[in-house]
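Please read these notes with the model open beside you.

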Amino acid sequence: MANYKDIVGTSVRNNAGALTSAKDGELFYDSTNLDFIYRHQNVTSAGAWRTGGNLNTAKQQMGQTGSESSALAFGGETSGAAAVATNELYNGATWTEVGDLNVAKYRQAGAGSDGTSALSFGGSLVNNSISQTNESWNGSTWTEVGDLNSGNHDIAGGAGVSNTSALCFGGDPGDSATNESWNGSSWTEVGDLNTGRGDLVGVGTATSALANGGWTGSVSGLNESWNGTSWTEVADLNTARQQASAGGESNTSAVIYAGYTATARTGITETWNGTSFTETGDMSTARAYGQGGAGTTTSALAFGGEDPSARTAATEEFTGAGADIGAWATGGDLNRSRYNNSGVAQSSSAALAFGGNYPPGDNYAEETELYNGTSWTELNDMNTARETLAGAGTTTSALASAGNLGGGAGTKQKVVESWNGTSWTEVGDLNTARKTTGDAGADNTSSLVFAGDNIDNPRPMDLTELWNGSSWTEVGDLNTARIVVSGTGTATAALCAGGYDFNPNITTKTELWNGSSWTEV
C-alpha cells in the first residue's frame, strides 16, 4: 500500500504546535497536541452584493457585457421610452461615456468579456421596429458588421467572449427558438433552442452557453445548455423569471440575478454549478429589464434596469462564494520605499501610489507608481513633491491635494494636482493650506477634503472644502476638528473616522457627510 510520501511526493511535516506558515492545502503533524492538521482556505460561504458607481444615465433594456472591472452599457431606453445610442465604460469604480452606437436601439443582446471587444446585435429601433443590425466595438468605436439572418431577435439571449465569437438565440416576436453563431464576419443559423421564448438571458461562450428563463406564454424557469452543436434542457431556475441578468464563463458556471417574476421585480440571485441552481445572497435592490449582464460567477456586475419605482442608474457588484476572506497575501514591492504617501485604488489589481517621504532624512517624493496586481510600474512624476497629502479617485482619474514640504514644522500646501491616467496637471488650489487631511471622491472632477493641520495654527482643523472640477468651495465644517483622520466615500456621501483632536485625544469619533453637513454617528 502506498504511503503519503509516495502519493504526494513529500513527507508530512512535523511541528510542535500550530504551523503558522502552513499554506492552503498543506497537511502537517502537531507533535504537541498529537494531531494531524490540514490548512483550509478561509473563504466566503455564499455570494454577496455591494454598491458600485452609478451610470451617468439611468436606463433600461440596454446591451451589457464585460467584467466587474471593465464593462460596457450600450444603447437602451431612457424615461419617456426614448431609444438611445449612448455607451458607457466601467473601470471598477466609475462609468465614463465613450463612443456611441451607430444606431440607437434598446432590447438588444451583447457579447464580450471586457470593455475592449464587444458586439451589440438585434433589438428594437426608435420606431419600435425590430433590428437585425450588428455592431462591433474595438475599444474606442463601433462599426456596423454583418447583420443577423433573422429580425426576430428582439430581447434575445446572447453569449460570447469577444467581437469575433458570439451566439444569439431566442427572442420576440413569436417566442423564437432560432439560434445563430457569429464567426467574426457573418452569422450562421445553428441548432435551435428546444423551447422558443423571448425575454430570456444568455451567458457563456459560442461553444458553451446557457439560455435561462424568459417568456413562453407565462414566466419561465427553463434552462438549456449549449455544447457547440445542440441545446439540452437541464435543471430549471429555482425562481422563474424573465428579463433577468447574468454572468458566467460557460454552461457549467453561471450566476443569474434580477428579473421579473410572475408578480414583481426580484433581486434573487442563483448560481449554477453545471448541475443545479443554488440561491445565494440577494441584490440590495430588486430590478428587471437590465438586459444581459457582465462578469463571472465570482465577480459579476448588475447595472441599470428598472427598480420598483423607475429606471435606475444604480450599479451593484457581486462577489461569489469561495472568495478569500480575512487574509492578506504578499504582493509586489514598490520601486521607491516611502511613508506618509497617498494613493487610490479600485481593486487589489488596480492601484496608484504617489508622493511621500523616503529615508534617510526628509526626502520628499514626487514619484507615481501603478500596481497591476503583481508589480509596480513607475509613471510620470507629480509636479510638486510632498508628504502627508490627500488622494481621491481612481487609477485613471485622481486628485492629489494638500501635503507638507520642508523640515521641522514644514510648509503646508494648498497645491492640488489632477491625474488623467498618464500625467499630473496643477489645477485650482485649496482655499486653506493643510497636511494630514482626510479626503473622499470618485474621480478628479468631484472631491472632498476635510480636517488636517493648518499652516497658520498647527492645531487640528474642522474645515471642509468641496471640488467641482474647477475650484474649491468651503462647505459645512466637521463637528470635531482633528488631524490624521481616515476618509472614504464620495463628494456627496463621505465618512471621516478617528484621528487626533489635541484635547489631547486620539479619538474614535466618526462623522458622516450627506452632501451638505456632517453628522456624528
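Which residue in β34 is the bridge partner of L352? The reply is in point 3.

1. Basis of the notes. This is a predicted model, in which local features need pLDDT of at least 70 and side-chain atom pairs count only at pLDDT 80 or more, while totals for chains, interfaces and linings use all residues. Residues are numbered from 1 along each chain as its sequence is written, and side-chain values use heavy atoms, with hydrogens and water left out.

2. The chain as a whole. Helices (H or I, at least four residues) and strands (E, at least two) are DSSP runs, numbered from the N terminus. Of the 521 residues, 51% are buried. Buried stands for under 20% relative accessible area, exposed for over 50%, and partly exposed for what lies in between (1.4 Å probe, protein chains only). The chain exposes about 21500 Å², and carbon and sulfur atoms supply 47% of that area. Accessible areas come from the Shrake-Rupley method with a 1.4 Å probe; for residues, only the protein chains shown count as cover. A contact means heavy atoms within 4.5 Å. Among contacts between residues at least 6 apart in sequence, 46% join residues at least 24 apart.

3. Strand β31 and its partners. Two strands pair if DSSP finds at least two bridges between them. Strand β30 (residues 342-347) and β31 run antiparallel and are joined by five bridges. A hairpin through two residues connects β30 to β31, and S347 has A350 as its bridge partner in β31. β31 also pairs with strand β34 (residues 368-371), in the antiparallel sense, over four bridges. To settle the opening question, the partner of L352 in β34 is L370.

4. The two faces of β31. In a regular strand the side chains alternate between the two faces of the sheet. In β31, A350, L352 and F354 point one way, A351 and A353 point the other way, and all are buried. Because five of the five residues of β31 (residues 350-354) are buried, this strand is largely enclosed by the rest of the structure.

5. T368. This residue belongs to strand β34. T368 counts as buried because its relative accessibility is 1%. Residues touched by T368, not counting those up to four places away in sequence, include L352, A353 and F354, as well as W419 and W424. The side chains of T368 and W424 are joined by a polar contact of 2.8 Å. A polar contact is a pair of N or O atoms within 3.5 Å; within protein, one must be able to donate a hydrogen and the other to accept it, and residues adjacent in sequence count only if both atoms are side-chain atoms.

6. W472. Look next at strand β47 (residues 472-475), where W472 lies. With 6% relative accessibility, W472 counts as buried. A polar atom of the W472 side chain lies 3.0 Å from the backbone oxygen of G428. Leaving out residues up to four places away in sequence, W472 touches several others, among them L399, V416, G428, S447 and W467. W472 and S447 are 25 residues apart along the chain, and their C-alpha atoms are separated by 9.1 Å.

7. The largest pocket. On a 1 Å grid over the protein atoms alone, a pocket is an open set of points with protein on both sides within 12 Å along at least five of seven lines, and its lining residues have an atom within 4 Å of a point. The largest pocket is lined by 29 residues, of which A93, G441, A442, G489 and T490 lie nearest its centre. β43 gives the most to this lining, with five residues. Strands that each supply at least two residues include β4 (48-52), β30 and β48 (486-489).

8. Backbone details to check. P359 and P360 are joined by a cis peptide bond, with omega of about 0 degrees. P360 sits in the loop between β32 (357-358) and β33 (363-364). Q243 is not a glycine, yet has a positive phi of about 55 degrees; Q243 is found in the loop between β22 (231-234) and β23 (245-250). Q243 counts as buried, at 3% relative accessibility. V484, also not a glycine, has a positive phi of about 40 degrees. V484 is in the loop between β47 and β48, and is partly exposed, with a relative accessible area of 46%.

Methods: 1 Å grid on protein atoms, 1.4 Å probe; cavity = no way out; pocket = protein on both sides within 12 Å on 5 of 7 lines; lining within 4 Å.
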